[in-house]
There are 2 protein chains.
Amino acid sequence: MRPSAIRPIEWADGNVVILDQTLLPHREEHLPCRRVEEVAEAIRSLRVRGAPLIGIAAAYGIALAAHSSGGSLQERVRSAAKLLQSTRPTARNLFWALERMLSAAEEGARPEELLGEAVAIHEEDAQTCRSIGEHGATLIPQGAGVMTICNTGSLATGGEGTALGVIRSAYAVGNSLRVLACETRPLLQGARLTMWELMRDGIPATLVTDGMAGTCMARGMADLVIAGADRIARNGDTANKIGTYSLAVLARHHGLPFYIAAPMSTVDLSLASGSEIPIEERDSDEVLAFAGAKSAPPGAAVFNPAFDVTPAELIAGIVTERGVMGAPYAESLSS
Amino acid sequence: MRPSAIRPIEWADGNVVILDQTLLPHREEHLPCRRVEEVAEAIRSLRVRGAPLIGIAAAYGIALAAHSSGGSLQERVRSAAKLLQSTRPTARNLFWALERMLSAAEEGARPEELLGEAVAIHEEDAQTCRSIGEHGATLIPQGAGVMTICNTGSLATGGEGTALGVIRSAYAVGNSLRVLACETRPLLQGARLTMWELMRDGIPATLVTDGMAGTCMARGMADLVIAGADRIARNGDTANKIGTYSLAVLARHHGLPFYIAAPMSTVDLSLASGSEIPIEERDSDEVLAFAGAKSAPPGAAVFNPAFDVTPAELIAGIVTERGVMGAPYAESLSS
């Protein structure tokens, strides 16, 4: 029996209900947020994460603020947008969704209409995932070993996922692929979330540590790499979860294609190249421990960038809802 | 004040006393082993680890067996050697030390002389580390960012270390280097052990996850990589802790030199190339958890090779006690 669909975010009874992803895979707890401040905290603390899902959560956060009281509707919406913009700097989808909500508010949308806009953003993302999945599935050879990183599935989007959506689509049409999931330190989204999703779906998957990627490629266990994205610059340079760039370099060394899968809402045409993408640095505690288990001496100096940038020249194609984009990306992404 | 020297292994009162490295950096507990079986268990469970130190531990294990009772001295030594050989397959130093002890026993060494041989192996390794450190220090440019992996210091050897011995030597002669320590999943020897050693010595060091290596290089934070070795084939192909090969590929992509530092006892001239090196695969539990905290769904499939092989063509030099060996390694290592 197919497990029930994963609903990482829902609007219910005037609340934004968030599946707390920091507790997965051990506990499934839903966190009802009544105030936009709670949504902002959930984004900041990664209870809700994944670039497309962050955008959806922010849209619902605006709807929450619109339905609250105090000040004018315009003031509430603008203040909520300001708060949400400050949560995380890298994912383009956050800003894209807020711009869409703000522009609806400026056109005079009432609270119910703003909720409708958030629901539309959510539902459109599900359709976007289906399109990404269909386009991307054609890239995966029958029986391929598919390496991926972080979580890009139902827990990261409004639908079946981006890179994981491609994997799901290929599997659904009979491709006997095998997934190699990199665990993705420091927060282990690959181990905790991607393995959980794939095991629920019965898709064959093997977990490896991030440092095993090279030897897996050298042993012929991977035929391609596919990853999601948090922000894509006009020239195709792509910010994604830390570790992605290393996989792209390793793929190039081994002659394997490296693909990105992301909705067009992740593309930021205002940035000429990846060097302009703001990269979030997170607290050193994330590296010094996991789930409370300390791994290093107290006071150890840490560098903890949450993302890295993969230059376009290492990317064999960017799968979006419009199709598989190829180089030169300045043309394919802008058209 | 300089902290007291780290003694990961000692012979005391007829015991082999092992500093239990699985508990570091949080607890310093010494485990007295009275029987060779306890030494074998300590090697297997990584309470004592690091290729040179495994060899030293095995030598002391033979001395323990020689001092015990039951059967003839020859029988006790042969049976102890057989047990110790079965503990871990990859590190050449284990077999090298056992061959040396067996050959002393075959030449009629008494128990006290076998203990003397073990002490000699231990003390020679300290001198070997000093020589490796002196030769290798010349490779590190003033103020360099030095990336390393796993632990190759006092906890891995009978002295100051191999790769970490090079770093210590360079620092001691006034090189204002900075270390980038990769945490080294799954067992976090970089985070737990290397950071502990470097912080004790006051050598500037920053901890990163293994997936951050690429972005550190792209940002110009690393000028070179230096790693230890578990077994080096005749052609220079080198088995070392999982993740090392990825660093070598990343270093090549960024035009950075990648060095190996190891004693000649790690070199296995009987193997033509790295493809002949046996690679240990360890229990999946190591990957399914992080410092005791579960990190993946129960029952997740795991691939857990403890080592990978870096081809000689990615290695800029192999630092041994004899000097810095260059390509072709079949010549430099054999001479």
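Mentor: Let us begin with pairing: two strands pair if DSSP finds at least two bridges between them. This is a predicted model, and every label below is a reading of its coordinates.

Trainee: What makes β9(B) and strand β15 (residues 307-310) of chain B a pair?

Mentor: The rule asks for at least two bridges, and β9(B) and β15 of chain B are joined by four bridges in the antiparallel sense. Within this pair, B:Lys241 stands opposite B:Phe307. On its other pairing, β9 (residues 238-241) of chain B meets strand β8 (residues 231-233) of chain B, again in the antiparallel sense, over two bridges, with B:Ile232 opposite B:Thr238. The hairpin of β8(B) and β9(B) has four residues between the strands, and there B:Gly236 takes a positive phi near 95 degrees.

Trainee: How do you know that strand β1 (residues 9-12) and strand β2 (residues 15-19) of chain A are paired?

Mentor: The requirement is at least two bridges, and four bridges join these strands of chain A, which run antiparallel. A:Ile9 stands opposite A:Ile18 in β2(A). The two strands form a hairpin with two residues between them, and A:Asp13 in the turn has a positive phi of about 50 degrees.

Trainee: What makes the phi of B:Asp13 worth noting?

Mentor: Most residues other than glycine have a negative phi, and most peptide bonds are trans. Phi of B:Asp13 is near 55 degrees, a positive value in a residue other than glycine, and this residue is found in the loop between β1 (9-12) and β2 (15-19) of chain B.

Trainee: Which peptide bonds are cis, and where do their prolines sit?

Mentor: One is the bond from A:Leu24 to A:Pro25, with omega near 0 degrees; A:Pro25 lies in the loop between β2 and β3 (30-33) of chain A. Another is the bond from B:Ala327 to B:Pro328, with omega near -5 degrees, and B:Pro328 has its place in the loop between β17 (323-325) and α11 (329-332) of chain B.

Trainee: Why is the pair A:Arg168 and A:Asp201 called a salt bridge?

Mentor: The cut-off is 4 Å between a side-chain nitrogen of Lys or Arg and a carboxyl oxygen of Asp or Glu; the side chains of A:Arg168 and A:Asp201 meet at 2.6 Å, N to O, so the pair qualifies under that rule. A:Arg168 lies in helix α6 (residues 163-172) and A:Asp201 in helix α7 (residues 189-201) of chain A, so the pair ties together parts that are 33 residues apart in sequence. Over all chains, the rule counts 30 salt bridges.

Trainee: How do you know that chain B and chain A are in contact, and what joins them?

Mentor: Contact means heavy atoms within 4.5 Å, and under that rule 55 residues of chain B are in contact with 56 residues of chain A. The chains bury about 4100 Å² between them, 70% of it on carbon and sulfur atoms. The rule finds two salt bridges across this interface, and B:Glu183 and A:Arg185 meet in a salt bridge at 2.6 Å, N to O. By class, the side of chain B that touches chain A has 34 nonpolar, 13 polar and eight charged residues. Strand pairing crosses between the chains as well: two bridges join strand β6 (residues 205-208) of chain A to β14(B), and these run parallel, with A:Leu207 opposite B:Val302.

Technical notes: Residues numbered from 1 in each chain as written. Chains lettered and ligands numbered in written order. Predicted model: local features only at pLDDT ≥ 70, side-chain atom pairs only at ≥ 80, totals over all residues. Heavy atoms only, no water. Buried area = accessible area lost by both parts, 1.4 Å probe. Nonpolar A, V, L, I, M, F, W, Y, C, P; charged D, E, K, R; others polar.
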